[in-house]
Amino acid sequence: MYRKYINGLLFFVYILVIVGVLQHLLITRKYKWQTKLLTVWARFAMNDSISHDINLTNMTSRELMTTVSTHQASYTKVEHLIKTSIKPNLHTVSSTPVKNSTIKKIELKTLSVTSLEKKPRLFLCTGIMGRLGNHLFEFASGYGVAAKKNMISVIRRKGSVDSVFELKNDSHLLLSSDRKECEHVPTRYERWCSRYDPQLENFTVNSNMWIGWGLQSWKYFNDSYQSLRKQMTFRKHIRDKATQIQDRTFKKFNFTSRSDVTFVGIHIRRGDMLTDPLGYDVATPEYISRAVAYFKNYTNTIFIVCSLDLTWSQKHMPKNVRVEYSVGNARDVDLALLASSDHMIQTVGTFGWWAGWLNNGKVIYYKWPAKEKGRLRGTFSSDYSDFFMPHWIGM
């Protein structure tokens, strides 16, 4: 009787052992198959559009799955592989536990549309030489060269340029409070400060860079004209002050609205240029008369003169025209006043140059800003074409 019960118990234990062995084999084959499937998928990814390489060495199936997930693998592509490309060979499946299995080193090429790693952008810096006109050349040329080289130009936040214009960070401009990006970087110098030097832009971008000094040619930044015009929007308090002066001026001459008059801004630079040893030249009274006469047939013309030498300006401005002199205004307001005029007359200097560039009308310039035998003359091109804009009118 007892033998019957013992035989039944042994048979039950035997069945449990058989079931356990079979379950172990199934689980082992399941995970080993998953490892093989993912390896095949990784090899398939090699033939897709690629962006970079990832080495998979001695990874288990779980590690490979994590890597594939990290790089945003396409589920539908794996599913398609399962249905169409995988044919298991059960005779090659090992019974070794999956946690100890390894995968042969492969190069996994991930899909460029989902896992593109962007190379860090590098910074381009310029000097801070002279006053506002010089700073504007350095800013604009730095921006233009940075755009050509796919770099980011760095300018000081709340510096001389940022205090005048509503600058904003964009794909080629960074406003930096301390300009640490410009510390201990390679430097490149132009050969001439007032003409275009193509060698200055001929460098490989592999580190942050500093370029200088003058950068006074429109050719450095002409390709970025539209972006710079958006950046160089005068701050509201400056715009408002310039508008107030214009409103007061046309009312002074008995006109009722801004649209009734034609404002022509004139910037007259003398002062330090009269004695500078580099050989600057200054505009003559005859030039002023010719430039003013150019606008004699324009409707209701009012000339607004900005100058640090008002005595000379009042003496040599023609007497038969409407003239208003800007007195006691900040340089920023004078620049906005000249730029917002309908047309512009320059004499010499970078401040007047930028008033002309920011002006949307006719621009008259003095053709001889440097004495022929002075040191300054050699910094310009032979015909000054690298300095003055081609559509401006020289006299």
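**The pocket and its salt bridges**

Analyst: The largest pocket has 47 lining residues, and Arg-131, Arg-269, Met-273, Gly-349 and Thr-350 lie nearest its centre. On a 1 Å grid over the protein atoms alone, a pocket is an open set of points where a 1.4 Å probe fits, with protein on both sides within 12 Å along at least five of seven lines; lining residues have an atom within 4 Å of a point. This is a predicted model, where local features need pLDDT of at least 70 and side-chain atom pairs pLDDT 80 or more, while totals for chains, interfaces and linings use all residues. Residues are numbered from 1 along each chain, and side-chain values use heavy atoms, without hydrogens and water.

User: How many salt bridges does the structure hold?

Analyst: A salt bridge puts a side-chain nitrogen of Lys or Arg within 4 Å of a carboxyl oxygen of Asp or Glu. The structure holds 14. One of them pairs Arg-269 with Asp-272, with 3.1 Å between the closest N and O atoms. Shared partners join Arg-131, Arg-269 and Asp-272 into one network.

User: Is Arg-269 buried or exposed?

Analyst: Buried means under 20% relative accessible area, exposed over 50%, and partly exposed in between (1.4 Å probe, protein chains only). Arg-269 is buried at 17%, while Asp-272 is partly exposed at 39%.

User: What is the average pLDDT of the protein?

Analyst: pLDDT is the predictor's confidence in each residue, from 0 to 100. The protein averages 81, but pLDDT stays under 50 over residues 30-116. Where pLDDT is low, predicted coordinates should not be read in detail.

Notes. Contact = heavy atoms within 4.5 Å.
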